[in-house]
Amino acid sequence: MSFIEIRQLKKQFRQAVKSPGLAGAVKHLFSQQYVDKLAVAGIDLDIEEGETVAYVGPNGAGKSTTIKMLTGILVPTSGTVRVGGIDPFKNRMDNARTIGAVFGQRTQLWWDIPVSETFSLLKDIYEIPEDRYRRNLDQFIELLGMEDFLHLTARKLSLGQRMRADLAAALLHNPRTVYLDEPTIGLDIAVKQRIREFIKRSNKENGTTIMLTTHDLGDIEDLCNRLVIIDRGSLIYDGTLEAVKNRFARERVIHCQLQHADIPALHDTFDRMPGVAVESLDAACVSLRFDRFKATASEVISAVMLHGEVADFRIDEPGIEHVIKQVYERQLDLEDGHALAAAGTEAAGA
Amino acid sequence: MTFSWLRKPRRTFFLYRRLFGAQLKAILEYQSDFYIMIVSAVLTQLLGIVFLWVVYNRIPDINGWTFWEVVFMYAMVYLTEGFGSLFFEGTWRLGRIVNNGELDVMLLRPVSPILQVLSYSVGMNGLGNIVIGIIMISQALIRMDLHWSLGKIIIAVLLVVTAILIRVSINLAANTTAFWFKNAGNAFPMMIHNLGEFAKYPITIFSLGVQLLVAVLIPFAFISFFPAYYLFDKSSAPWFWIACPVAAIYCAAVAYTVFHFGLRKYESVGN
């Protein structure tokens, strides 16, 4: 049995349907109409202890709903969830002792209470032994750079400070599992780095299982060895990030700075070359998109050099963001590993 | 899980004290207008007593109840309201806690969400109600020239405790409707709260329907009327007071059950 075990998990929400305007509101008063929305539509997922899993999907895909069922906030409509053998809703308190969570959009700090006092309250809530509390707190303050704002109330913190304090609050009791729901949303790169380092360290040193939802693909690349993609309540991919990259990040863009180029000839050449498409082309610069399974970089460069002098060149790999965006947009079919109608590829093949 | 926080009353009390203490400290440090709330609460309640005094100037008694006996009932309503506000104001914030998803955070912690709701906020105006309530109750008890025994004193204290428990349970149960009525301005809890006005008078002056409402369905009468019935020796049955703790347990059980039904219904909020 896996550490986290999700079986045929479903969550259905009931939404009131209201026609717009006052008339709609009055009408709703007498005849209430509802639609059922399946936020999570039957998910199976196993996560082992110590794994770092990125749980990714477009807005409204069901990520947060899944996390809320894993943390015991929501009761599943059907299916089962077990975390360390515990049903998180039925034995919510037992589960709560062993988990930590950060919801990027919502703080778990007390608004009007200084951060240091919040930590001290959490010590009593989680019954953290004094020596471990001291050790963790000192370490967290240093790693997350919290010295400057410990005495402030949460209300007065900047977003970056708040997120760091929230992360420390979630990990103070050495939870076995940590759920991070968009922990780096809206943060600058320096704070992001700090938070990622901190999470990585917690995973390495304590073997903390980490489940992370994010729109920031840097988070995924940096933190997670496993990628789970969900869309419209169902899993559409579960595997390594590398595999996605290798299978789908097949396009490269080559940028050449040109001198004395024969532009019509270049156009002519690349219009006929399979797997290559002209992104932009003028006297000074040419950008070419090519499929690395159909043409090599050296072939492309050689072809350019036939019709002009290359002063400098650069090759761009597509970011994982580009790949995942294609998955969201259903341009890539992950089931059979076949790239469908990705705009660039299609143009190149024509 | 069931009643797990009752099994550990010491830890429950400790956590309540810590959570409430933190909120209290925050209020004392950041809000300086609370004394206005206290004074206005005192004035409001004094006005009620003045009204009662005017009525009693024209008539000797209402249904056999004299001025100070009714003052006692008034004061019990104030006092319990005061305790409800000062120490358990969080019940009145439940609508907000549910509607803006703050409950998510409470559910992440290994502490009973009911305890967290109760200690969520401090209503300083309650202090005014408590002060005026204690003054009025002691005045009423002194003026009525009662025969006190040790047993009666203990029971009197117990009746105050059960009255507070009933009040807070009703507040909690009424506000728990927030799980079902998801609009921000849920008027239902306030409506239930206002039914407590009936308990300021001997309920025998009301129609049978109202009597059943405040003695059985929403037992506000056990806050004021029935304790008065016992303390002023209106009853020939000496064990009569036991009905009050029974009503308190009933209210607490209903509030607890309704709250846990509500939790199953809780849908959190989208991000």
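Colleague: How much area do chain A and chain B bury between them?
Modeller: About 3,100 Å², with 56% of it on carbon and sulfur atoms. Buried area is the accessible area (1.4 Å probe) that two parts lose on being put together, summed over both. This is a predicted model, in which local features need pLDDT of at least 70, side-chain atom pairs count only at pLDDT 80 or more, and totals for chains, interfaces and linings use all residues; side-chain values use heavy atoms, without hydrogens and water. Residues are numbered from 1 along each chain as its sequence is written, while chains are lettered from A and ligands numbered from 1 in the order written.

Colleague: Which residues make the contact?
Modeller: Chain A gives 35 residues and chain B gives 32 residues. Contact means heavy atoms within 4.5 Å.

Colleague: What makes A:K68 and B:D104 a salt bridge?
Modeller: The rule asks for a side-chain nitrogen of Lys or Arg within 4 Å of a carboxyl oxygen of Asp or Glu. Here N to O is 3.6 Å, so the pair qualifies. The count between chain A and chain B is 5 salt bridges. The rule also finds 10 residue pairs in polar contact, both at pLDDT 80 or more, across this interface. That term means N or O atoms within 3.5 Å, one able to donate a hydrogen and the other to accept it; residues adjacent in sequence count only if both atoms are side-chain atoms.

Colleague: Which elements of chain A give two or more residues to the side that touches chain B?
Modeller: β1 (4-17), α2 (63-70), α3 (92-98), β5 (99-103) and α4 (115-125) of chain A. α4(A) gives the most, with 6 residues. Helices (H or I, at least four residues) and strands (E, at least two) are DSSP runs, numbered from the N terminus.

Colleague: How do you know that β1(A) pairs with β2 of chain A?
Modeller: Pairing takes at least two bridges found by DSSP. 12 bridges join β1(A) to β2 (residues 33-47), so the strands pair, and they run antiparallel. In β2(A), A:V40 is the bridge partner of A:K11. β1(A) also has 5 bridges to β4 (residues 78-83) of chain A, again antiparallel. There, A:S78 partners A:K10.

Colleague: What is the strand order in the open sheet of 4 strands in chain A?
Modeller: β11-β12-β10-β13, with antiparallel pairing.

Colleague: Why are β11 and β13 of chain A edge strands?
Modeller: β11 (276-281) and β13 (309-316) each have a single partner strand, so one side of each has no neighbour in the sheet.
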